[in-house]
Amino acid sequence: MSKDAYTPHPDRLLPTDPAVREIARGLYERMRDQPIISPHGHVDPRLLLDDEPFRDPTSLFITPDHYVNRLMFSRGVDLADLGVGRGPLDEADSRTAWRLLAEHWHAYAGTPSRLWIEHEFHEVFGLETVLSPATADDMYDAIAEKLSRPEFRPRALFERFGIQVLATTDDPVDDLAPHTALAEDASFTGSVIPTFRPDKYLEPARPDFRELTEALGEAAGEDTSTYDGYTEAMRRRRLYFRDHGAVSTDHAHTDPGTTRLPVEDARRLYLQAREGSIAAADATALRRHLLADQARMAADDGLVMTLHPAVLRNHHQGIFDSFGPDVGFDIPLPVDYVRGVQPMLNDVGLDPNFRTVLFTIDETVFSREIAPLAGVYPSVYAGAPWWFIDAPDAILRYRRAVSETIGYSRTSGFIDDTRAFCSIPARHDMARRLDANHLSTLVAEHRMRHEDAAAIAESVPDQQPREVFKLPSAGTSTGEDQS
Amino acid sequence: MSKDAYTPHPDRLLPTDPAVREIARGLYERMRDQPIISPHGHVDPRLLLDDEPFRDPTSLFITPDHYVNRLMFSRGVDLADLGVGRGPLDEADSRTAWRLLAEHWHAYAGTPSRLWIEHEFHEVFGLETVLSPATADDMYDAIAEKLSRPEFRPRALFERFGIQVLATTDDPVDDLAPHTALAEDASFTGSVIPTFRPDKYLEPARPDFRELTEALGEAAGEDTSTYDGYTEAMRRRRLYFRDHGAVSTDHAHTDPGTTRLPVEDARRLYLQAREGSIAAADATALRRHLLADQARMAADDGLVMTLHPAVLRNHHQGIFDSFGPDVGFDIPLPVDYVRGVQPMLNDVGLDPNFRTVLFTIDETVFSREIAPLAGVYPSVYAGAPWWFIDAPDAILRYRRAVSETIGYSRTSGFIDDTRAFCSIPARHDMARRLDANHLSTLVAEHRMRHEDAAAIAESVPDQQPREVFKLPSAGTSTGEDQS
Amino acid sequence: MSKDAYTPHPDRLLPTDPAVREIARGLYERMRDQPIISPHGHVDPRLLLDDEPFRDPTSLFITPDHYVNRLMFSRGVDLADLGVGRGPLDEADSRTAWRLLAEHWHAYAGTPSRLWIEHEFHEVFGLETVLSPATADDMYDAIAEKLSRPEFRPRALFERFGIQVLATTDDPVDDLAPHTALAEDASFTGSVIPTFRPDKYLEPARPDFRELTEALGEAAGEDTSTYDGYTEAMRRRRLYFRDHGAVSTDHAHTDPGTTRLPVEDARRLYLQAREGSIAAADATALRRHLLADQARMAADDGLVMTLHPAVLRNHHQGIFDSFGPDVGFDIPLPVDYVRGVQPMLNDVGLDPNFRTVLFTIDETVFSREIAPLAGVYPSVYAGAPWWFIDAPDAILRYRRAVSETIGYSRTSGFIDDTRAFCSIPARHDMARRLDANHLSTLVAEHRMRHEDAAAIAESVPDQQPREVFKLPSAGTSTGEDQS
């Protein structure tokens with residue numbers, strides 16, 4: 001066997017103890033072939049509408065993936081050499097970027113990025129070598145050749161991946177034309193649904209707040225020069241999204257505060273924000289009020305509200321100026337969920353039509369805040385690990401931190417949160433293996449009956465996210481009755 | 001074997017590796033049959049004084065247990081249907097509540113509540129089936145039948161459980177008549193001791209602060225219209241408790257601040273608090289001063305001071321208005337112990353008569369704050385995991401976080417903190433199994449000699465809490481010399 | 001075999017599963033005999049310059065080791081009885097202190113201090129018994145006898161330990177004469193380099209700030225009566241240190257804030273600080289500015305900047321008054337790295353000449369802050385666990401928390417941070433065993449190829465710290481090419 005030979009091991013991510021691994025294998029078997037439900041992610045819907053071939057290995061694996069870019073940047077690679085902030089790379093530059101990845105590939109050992117990409121190399125592209133300077137060109141060529149085939153176009157992969165629901169992330173002023181076209185396209189049977197992501201329209205401190213609210217008004221056919229008009233415009237755009245298949249809204253502010261203002265204060269501060277004269281503290285207060293309004297609207301229109309606050313975006317100004325956002329310079333902050341969402345939960349937390357999923361990249365709140373909240377409020381679910389902590393040990397820490405308070409039934413199911421289309425099955429597969437890992441250990445330690453673990457394994461990939469995100473039940477559900 | 005058959009596995013909660021499990025079994029054997037010392041809990045002393053039979057399975061297992069209720073509530077069950085906020089349920093409603101638990105029982109898989117209750121089903125009531133809709137009525141009937149027998153009355157169970165010391169939690173104005181009567185009852189040989197819990201009398205922001213302090217004064221025979229009278233009343237009531245067997249006081253405020261005020265400020269603010277005119281910040285400052293006073297009194301009277309701060313109580317106002325406190329809506333907050341207790345420890349932290357035990361439900365302080373403090377101040381002990389984190393993985397995280405700094409000798413021993421009388425042996429048994437788990441892994445990794453692990457196992461259930469809580473040594477101690 | 005017989009197990013700290021342990025053994029073999037690189041510690045350079053025999057077992061193992069003293073103090077032993085705050089102990093008192101350690105030795109079971117010291121007993125002194133009251137005197141005598149031999153003098157041990165680089169910690173005004181003498185001593189071939197530790201000169205709130213800055217000015221030959229003179233003095237002293245072999249500076253303030261002030265404000269506040277009239281908030285602001293200045297100087301002179309903020313020093317005033325600093329009363333605080341170092345990283349974080357290593361004893365920032373920062377900024381490395389968390393479980397938590405984001409290549413390598421010279425090999429050995437433990441588990445779970453784990457094992461003890469701390473490459477490197 002060549003020293004370059006490599007395929008992912010079928011037992012990867014399962015426990016090492018032979019007896020426990022055997023239990024884990026059985027639980028994983030119950031999950032492995034279930035469909036993929038992806039209620040939150042960042043794939044562009046035009047990818048599936050246009051169904052154009054992927055351009056080349058670099059634009060597929062490197063340029064848009066800030067997990068991959070950031071580690072290379074920290075090791076001295078220029079972001080521009082990876083295609084970041086540039087248009088499409090030509091063949092030579094694309095291959096050069098690929099060789100850079102190969103050269104640094106050893107530094108990704110043990111990271112989820114490497115696990116995902118090696119899963120893709122093997123399961124999607126059928127490769128059986130490890131990426132290295134020695135194999136880089138051959139692997140590049142092999143992938144490039146595959147990408148030219150019809151069965152590697154996005155729609156074919158969508159079907160092959162077993163994706164049943166794929167949610168995108170969309171601007172409130174978006175007309176959702178790609179979603180409409182996809183829904184009307186009889187040749188495409190998947191479900192690609194939008195998600196309402198109004199973050200920037202809720203940030204009164206932004207210098208472009210007037211322009212943003214103007215655009216919102218235009219999209220909604222409302223005069224947004226006042227708070228009341230803005231609110232009505234939001235309500236209409238949410239309904240527009242819901243009418244186009246959306247099941248959720250997504251919110252990521254610096255904190256999860258939801259304190260309401262007296263309405264006259266909200267009206268006054270909104271005008272100041274439009275004029276660009278709002279004070280920093282008032283802008284924060286108004287933003288929290290506007291988020292609380294989103295919760296009220298959610299109780300009306302039934303869209304599930306996902307929160308993932310507390311990231312300091314664009315930590316380095318120079319990088320932001322050169323390359324823009326989303327290039328790996330967003331760094332997590334501590335979060336205070338308990339006080340942050342208290343006003344919102346006192347307002348609508350017992351409303352049967354309201355539902356929220358709390359995500360975090362501050363692990364300290366799993367056992368301290370999120371599980372205690374999700375274990376008492378019927379409207380609250382504990383979100384899966386996200387972003388930096390969408391990784392094997394972190395996912396196990398999450399299950400071990402929350403399931404002692406809330407079991408599995410008050411958790412969101414797995415969320416891939418990715419813009420890397422081909423990594424979707426790898427990520428869901430990793431999550432299933434880790435749930436099998438966690439559950440098998442509970443069984444082996446006689447903390448859970450095998451029957452209960454098996455029922456959870458049956459329900460967690462498909463039934464659980466459908467229930468949490470109010471998606472229609474699958475006709476093909478294989479879930480056992482859990483009673 | 002029927003598919004409903006189920007009994008807890010004798011090796012539950014021990015490590016999965018066969019060689020390590022063998023070590024763990026041996027260590028657990030040294031702990032299993034030791035008596036139960038319960039230096040903090042919420043059992044009503046009248047339960048043992050009156051020795052009435054338990055009413056029915058629902059009032060025993062469901063209604064008073066907010067761990068159980070809160071998860072069902074989050075899954076859509078009305079608290080009232082579980083008996084919360086109502087008087088005793090009639091037979092039909094009690095059975096209906098029981099069937100609700102059976103219906104949702106699968107959602108408790110992996111939680112400590114389920115482990116405790118299944119322990120009780122088997123070890124206390126001799127049941128050998130799993131709770132489910134199919135078995136609910138039979139199990140209800142079997143438990144109800146047992147409850148009518150003399151050997152299932154509280155005193156009989158107290159003896160059968162091997163409880164040697166049971167501390168209750170009591171109001172400072174309580175006359176402790178049940179404790180006195182129990183102590184004088186020659187037919188009852190157990191030790192049921194009160195605990196002084198003055199929280200509400202230390203909260204100057206409460207609207208009923210005047211009424212509370214009046215009641216305190218009446219109980220103490222002191223005029224509490226001034227700070228000095230209040231302080232003297234506190235001192236007297238603490239002595240009254242100590243004279244009735246109390247060994248500790250318990251304190252749970254929003255933060256563990258203990259900054260002292262100049263006495264003239266304390267006097268002035270106390271008057272304002274009595275008049276209801278104290279400002280919020282001043283009320284907090286006075287509360288911290290009053291807690292610091294409790295520490296001084298503790299250095300005088302020798303009562304051990306247990307702290308478990310940083311919980312946001314009654315997170316939802318509507319639930320509080322309908323059902324009152326302690327129904328599952330208390331959510332943990334981050335805690336700052338290092339600065340909080342610094343004034344108190346500078347004041348009395350080296351006093352040989354002073355002792356404090358620091359509990360938390362914010363796990364981040366175990367390695368960062370509590371272990372470093374308990375590993376240097378002779379007066380400070382690290383409290384066992386409490387409340388949401390009284391659970392297998394959390395308990396192991398605690399041992400792994402603190403024992404590298406302070407071993408076992410600076411920890412409190414297990415605290416069940418429960419109002420569910422029948423769960424006491426289940427909880428202590430879980431803690432013993434988990435200590436065996438932790439210690440056996442250290443032995444197997446050659447990080448601790450087996451002899452040392454065995455000596456710790458001998459001492460941790462009985463000798464350790466007796467020493468920390470200044471309880472008289474057991475005549476029946478089986479502990480080996482640790483030298 | 002006597003019941004007192006004891007030697008550390010060759011497989012200690014490796015995983016318990018037999019198959020995983022076998023992998024771990026192989027990885028550990030690759031690290032075991034590599035040289036020791038110690039880029040940060042507190043050994044006195046005169047120890048090696050003078051090469052006097054160690055005085056006695058107590059002054060070697062007890063008196064200067066606050067890890068050891070603090071736990072005994074918490075158990076009721078007087079610090080003075082351990083020699084703290086006194087001159088050298090006479091033979092009787094030294095032996096008495098040793099017997100105290102023996103008496104309390106069981107309480108250290110499971111702590112790293114005990115693991116280190118038992119390693120030293122066996123590997124350095126060849127003892128084969130466990131410390132206890134029964135063996136105390138014999139072990140004392142055996143060690144004392146060894147200490148009188150030439151092969152137990154510091155230089156002989158330095159060579160035997162395989163130390164290639166040992167960094168000390170030094171005051172900016174130090175003339176580094178011992179370092180110079182050592183470097184010029186042809187009979188000593190080791191590398192003992194200074195570290196620039198300017199903490200106290202950056203604390204404008206200190207009452208002795210004027211005296212300190214005067215002394216700094218004198219050492220530098222600069223007039224430090226102004227901010228500009230002070231800055232120039234700092235620059236010169238840093239260069240002096242660099243010219244004497246220093247590769248890094250070390251900084252430990254209450255927070256890692258690095259916000260710059262307008263230079264005129266810095267000048268004005270500096271004068272106020274010199275006069276002792278600076279307000280507390282201004283002193284904090286100036287300290288953060290001065291730390292930001294150190295970062296700028298680091299970008300100029302290339303010295304690596306190590307940060308380990310957020311410790312509340314001298315928690316008990318009475319102990320400080322009696323025994324001074326560094327006796328175990330420093331307690332960790334939460335740290336905010338993300339906002340703290342943002343100004344500094346925006347200023348020089350992309351400068352190829354700037355490098356910083358972020359240490360913490362607040363474990364919550366490993367996955368939330370440090371790994372995300374080290375995984376994108378080329379200048380940032382994640383520091384190894386330090387101080388209270390330089391312990392087996394904590395080190396494994398660190399690797400599991402950071403390596404999913406940054407692998408091993410963005411981490412500092414092991415730092416012993418010790419003043420206990422004889423514990424240096426024990427600490428490095430522990431770290432190597434734990435890295436083998438972590439890596440072997442990744443291999444056994446098929447999360448990392450064995451080849452990649454082996455390459456990391458080869459590089460982590462020697463090559464990694466040399467690279468991070470800009471030390472010259474070893475001629476004797478055994479590292480494989482990682483490509």
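**Before you click**

Residues are numbered from 1 along each chain as its sequence is written, and chains are lettered from A, with ligands numbered from 1, in the order in which they are written. Because the model is predicted, local features need pLDDT of at least 70 and side-chain atom pairs count only at pLDDT 80 or more, while totals for chains, interfaces and linings use all residues; side-chain values use heavy atoms, with hydrogens and water left out.

**Stop 1: salt bridges inside a chain**

Side chains of opposite charge can pair when their charged atoms come close. A salt bridge here is a side-chain nitrogen of Lys or Arg within 4 Å of a carboxyl oxygen of Asp or Glu. Over all chains, the structure holds 153 salt bridges.

Select Arg25(C) and Glu22(C): their closest N and O atoms are 2.6 Å apart, in a salt bridge. Both sit in helix 1 (residues 18-32) of chain C, three residues apart, about one turn of the helix. (Helices are DSSP runs of H or I with at least four residues, strands are runs of E with at least two, and both are numbered from the N terminus.) An α-helix has 3.6 residues a turn, so residues three or four places apart point the same way.

Arg25(C), at 32%, is partly exposed, and so is Glu22(C), at 47%.

Now pick Arg449(C) and Asp452(C), whose side chains meet in a salt bridge (2.9 Å, N to O). Arg449(C) is buried at 15%, and Asp452(C) is buried at 7%.

Hop over to chain A and select Glu91(A), Arg95(A), Arg99(A), Asp137(A) and Asp141(A): salt bridges that share partners join them into one network.

**Stop 2: helix 19 of chain B**

Select residues 424-444 of chain B. This helix has 21 residues and reaches 30 Å from its first C-alpha to its last, close to the 30 Å expected at 1.5 Å a residue (the expected span is 1.5 Å times one less than the number of residues). Of its 21 residues, 20 are buried.

**Stop 3: where chain C meets chain A**

Show chains C and A together. How many residues of chain C are in contact with chain A? There are 37, and they touch 51 residues of chain A, with contact meaning heavy atoms within 4.5 Å. About 3,800 Å² is buried between the two chains, and carbon and sulfur atoms give 57% of that. Buried area is the accessible area (1.4 Å probe) that two parts lose on being put together, summed over both.

Three salt bridges link chain C and chain A. Zoom in on Arg447(C) and Asp393(A), whose side chains meet in a salt bridge at 3.0 Å, N to O. Elements giving two or more residues to chain C's side include helix 17 (365-374) and helix 18 (392-406) of chain C.

**Stop 4: where chain B meets chain A**

Finish with chains B and A. Here 51 residues of chain B are in contact with 37 residues of chain A. The count of salt bridges between them is three. Select Asp393(B) and Arg447(A) to see a salt bridge, with the closest N and O atoms 3.0 Å apart.

Conventions. Buried means under 20% relative accessible area, exposed over 50%, partly exposed in between (1.4 Å probe, protein chains only).
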